[in-house]
Amino acid sequence: MDRLKHFQSLINQSAIQSAVTPNGGIYLMKLSFGTPPVDYMAVADTGSDLIWIQCVPCLQSQCYPQGSPPFDPQASSTYKKIPCDSDSCQALPRYQCSNDVNDCQYSYSYGDKSFTKGILSTDTLTFDDSNGQKTAFPTSIFGCGHNNQGKFRSPNAGLVGLGGGPLSPSSSSKLLFGQEAIISRPGAVSTPLVSKTPQTYYYLSLEGVSIGDKTAQAGSSQGNIIIDSGTTLTYLESSFYSSLETIVKDAIGADPVQSPSESFSLCYGSETNINVPEMVFHFSGADLRLQPVNTFAKFDDNLVCMLIAPTPSDLPLSIFGNFAQINLQVEYDLEKWTVSFVPTDCTNQ
């Protein structure tokens, strides 16, 4: 997200567009790599910093099928490897250098145990603009991934890290989903970002969640949750979640059924035709109303499950995931240091 402002002196920022497409619980964005540019779809992730793409050589045992050939650095006239003693290389959480080669060899992992390993590089990244043309950003930093494993799958060819960590330029910017965000639109609410470490994440303060006149209170609210476009579900600290689940059960009134997956904690048989209640997430200074599409989903035609779950023991953070952000315009303003939400019918954008 910071990366877009890096190029603001070159072009009008509002003219830049990148198609954002939902795909199985993630969001894919279109961008191009190299000269000549080659188009790819990659995961948009506000919970990590590194932009990376699968690159040749990419052995079948070390790379996942992506539906198109991996990026070939030798086919790009503007591709360069980043040296190991550079500031960009040393901003990585994990890197190594060999004695005979000065290339920056990176290793980057994610909370679900997925990872990418390869060579930190620069090349021209290209985005569509509002006139249907392409706008190029030269010498953009990205990872050329030669060993990429985990939950990645076709058609995504890599990941666009939009976090706030040291791999981003030091200037600030906005990330817009859908039409250009207008904070003054009716129904817009804003909540402060909280400075915490690691700097990659965007921390918000969630004070509680209400259904009707009942509220589940967070134990501690200052910077207690991150907002992440790369995580599907919303995760709450276990006692906070337990209080909310009790209120949800009371509001629905039907008998839950056994969840078919460890991912979900509260499910109902779809034949019961439950009435999903509206939830209000009370962020600091911003009451955000979530509709049923944000909080429950139907699975396998037999079950309706809540898209909120207790934080797993190996996950140290509560997360406001991407299902909760459906039909919301989300604006990150790193000058005002706020995140704003505007209800939007994204099917009509």
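**Entry 1: ground rules**

I count two cysteine sulfur atoms within 2.5 Å as a disulfide. I'm working with a predicted model, where local features need pLDDT of at least 70, side-chain atom pairs count only at pLDDT 80 or more, and totals for chains, interfaces and linings use all residues. Residues are numbered from 1 along each chain as its sequence is written, and side-chain values use heavy atoms, with hydrogens and water left out.

**Entry 2: disulfides**

I looked up Cys-84 and Cys-97, which form a disulfide with their sulfur atoms 1.1 Å apart. The pair links distant parts of the chain, 13 residues apart: Cys-84 is in the loop between strand 6 and helix 2 (87-90), and Cys-97 is in the loop between strand 7 (95-96) and strand 8 (105-109). Helices (H or I, at least four residues) and strands (E, at least two) are DSSP runs, numbered from the N terminus.

Next I checked accessibility, where buried means under 20% relative accessible area, exposed over 50%, and partly exposed in between (1.4 Å probe, protein chains only). Cys-84 is buried, at a relative accessible area of 6%. Cys-97 is partly exposed, at 38%.

How many disulfides does the structure hold? I find 5. Counting bonded cysteines along the chain, I read the pattern as 1-8, 2-3, 4-6, 5-7, 9-10.

Cys-55 and Cys-144 are joined too, S to S 2.1 Å. That link is left-handed, with -100 degrees about the S-S bond. It ties together distant parts of the chain, 89 residues apart: Cys-55 sits in the loop between strand 5 and strand 6 (80-81), Cys-144 in strand 10 (residues 134-149). Cys-55 is buried, with a relative accessible area of 0%, and Cys-144 is buried with 0% as well.

I also noted the disulfide from Cys-267 to Cys-305, S to S 2.0 Å. This link is right-handed, with 105 degrees about the S-S bond. Here Cys-267 belongs to strand 18 (residues 267-269) and Cys-305 to strand 22 (residues 303-306), distant parts of the chain 38 residues apart. Cys-267 comes out buried at 1%, and Cys-305 is buried at 1%.

**Entry 3: the annotated pair**

Where does UniProt place the feature "active site"? The unreviewed entry puts it at Asp-45 and Asp-228. UniProt positions are given in the numbering used here, feature names are shortened, and annotations may be inferred rather than shown by experiment. The two are spread over 184 residues of sequence but cluster in space, with a largest C-alpha distance of 6.8 Å.

I found Asp-45 in strand 4 (residues 38-45). Buried or exposed, I wondered about Asp-45? Asp-45 is buried, with a relative accessible area of 6%. For contacts I used heavy atoms within 4.5 Å. Leaving out residues up to four places away in sequence, Asp-45 touches Asp-228 and others, including Tyr-110, Leu-159, Leu-162 and Ser-229.

Asp-228 lies in the loop between strand 16 (225-227) and strand 17 (234-236), and counts as buried at 7% relative accessibility. The contacts of Asp-228, again without residues up to four places away in sequence, include Asp-45, Thr-46, Phe-320 and Gln-325.

For polar contacts I took pairs of N or O atoms within 3.5 Å; within protein, one must be able to donate a hydrogen and the other to accept it, and residues adjacent in sequence count only if both atoms are side-chain atoms. The side chain of Asp-228 reaches the backbone nitrogen of Gly-230 at 2.9 Å.

**Entry 4: Thr-234**

I then moved to Thr-234, in strand 17, which is buried with a relative accessible area of 2%. A polar atom of the Thr-234 side chain lies 3.1 Å from the backbone nitrogen of Gly-321.

**Entry 5: strands**

Two strands pair if DSSP finds at least two bridges between them. Strand 4 pairs with strand 11 in the parallel sense over 3 bridges, and the bridge partner of Asp-45 there is Gly-161. Strand 5 (residues 51-54) pairs with strand 11 in the antiparallel sense, also over 3 bridges, with Ile-51 opposite Val-160.

Side chains in a regular strand alternate between the two faces of the sheet. In strand 11 (residues 158-161) both faces are covered: Gly-158 and Val-160 on one side, Leu-159 and Gly-161 on the other, all buried.

Last, I looked at an open, antiparallel sheet of 3 strands in the order 12-26-25. Strand 12 (189-192) and strand 25 (328-333) are its edges, each pairing on one side only. I counted 6 bridges between strand 25 and strand 26 (residues 338-343), with Leu-328 opposite Pro-343.
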